[in-house]
Amino acid sequence: MKKVRNIKKPSIHIDMTPLVDVIMLLLTFFMLTATFRAAESEAVEVALPQSVYSDPDNKMKEIDVMTLSLTKDGDIFLDVDNYKIREKIFGDQFAIGLFRPDTLTQSPVQTTGKVGGKEVKRKVYLMNKAQFEKTLVDVKTALKTVSGNKSAQFQVVVKGDKEVPYGVFEDLMTSLHESDNKVFSLVTLIKSEVKE
């Protein structure tokens, strides 16, 4: 009979320390470089018209921006980039204002909760014309109060869908004029080809 020898096999030991170090470095890298897209930053998407000319010196501000988005359904969405002002004006830091100049029909947001087939996840604050113009003034005042700077002003940005009815744009211009917001920027897509 053959004698079975009890041979101890060497244990296999893998040092996991370098692997954990690499994973922690990658995790730290992605946490520091990632930009999070919260629900509050989701703006109303519109199909912007194209333009030929762009002034390279006309840069948008990174803070204190009031965005007015005009949808092809005829709605005007009012949004600001400061959540404290949103909370002060709309009562919710993620809310967005909605003004529909056409009072005879309802907005798709009211009937389906969607804009352009996309669900609006933010609380929508409905306004009539008087409330909309008052809100345009209140937002400006709130910025000065919140920032503590009496000369602080929003950069008003108008993002109009290329199929928005002309009357909606005309109503917006009237409201901006009535609320003393006479300087604003129009957002367009720049054509890659320049016409001669």
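So, five helices and 10 strands: that is the inventory of this protein, and please keep in mind that we are looking at a predicted model. The protein has 196 residues, and 30% of them count as buried. Its accessible surface comes to about 14100 Å², with 56% of that belonging to carbon and sulfur atoms.

Six strands form an open sheet with mixed pairing, in the order β7-β4-β3-β2-β8-β9. Which strands stand at the edges? Those are β7, residues 124-127, and β9, residues 185-186; each has a single partner strand, so one side of each is left without a neighbour in the sheet.

Let's zoom in on one pair. Strand β2, residues 65-70, runs parallel to strand β8, residues 155-160, and six bridges link the two.

Next, have a look at helix α5, residues 166-178. This helix lies across β2, β3, β4, β8 and β9, and its angle to β2 is about 150 degrees.

Last stop, the surface. There is a nonpolar patch of about 950 Å², made by Ile12, Ile14, Met16, Leu19, Val20, Ile23, Met24, Leu27 and Met31. Take isoleucine 14 from that group: this residue sits in the segment before α1, the helix spanning 17-33. Is isoleucine 14 buried or exposed? Exposed, because its relative accessibility is 60%, and the cut-off for that label is over 50%.

Terms used:
Residues numbered from 1 in each chain as written. Predicted model: local features only at pLDDT ≥ 70, side-chain atom pairs only at ≥ 80, totals over all residues. Heavy atoms only, no water. Patch = residues over 30% accessible without salt bridge, like charges linked within 9 Å, V, L, I, M, F, W, Y side chains within 5 Å. Areas by Shrake-Rupley, 256 points an atom, 1.4 Å probe, with all protein chains shown as cover. Salt bridge = Lys/Arg side-chain N within 4 Å of Asp/Glu carboxyl O. Helix = DSSP H or I, 4+ residues; strand = E, 2+ residues; numbered from the N terminus. Buried < 20%, exposed > 50% of the residue type's maximum accessible area, 1.4 Å probe, protein only. Pairing = 2+ DSSP bridges. Contact = heavy atoms within 4.5 Å. Axes fitted to C-alpha atoms, helices over the stretch in contact; angles between N-to-C directions.
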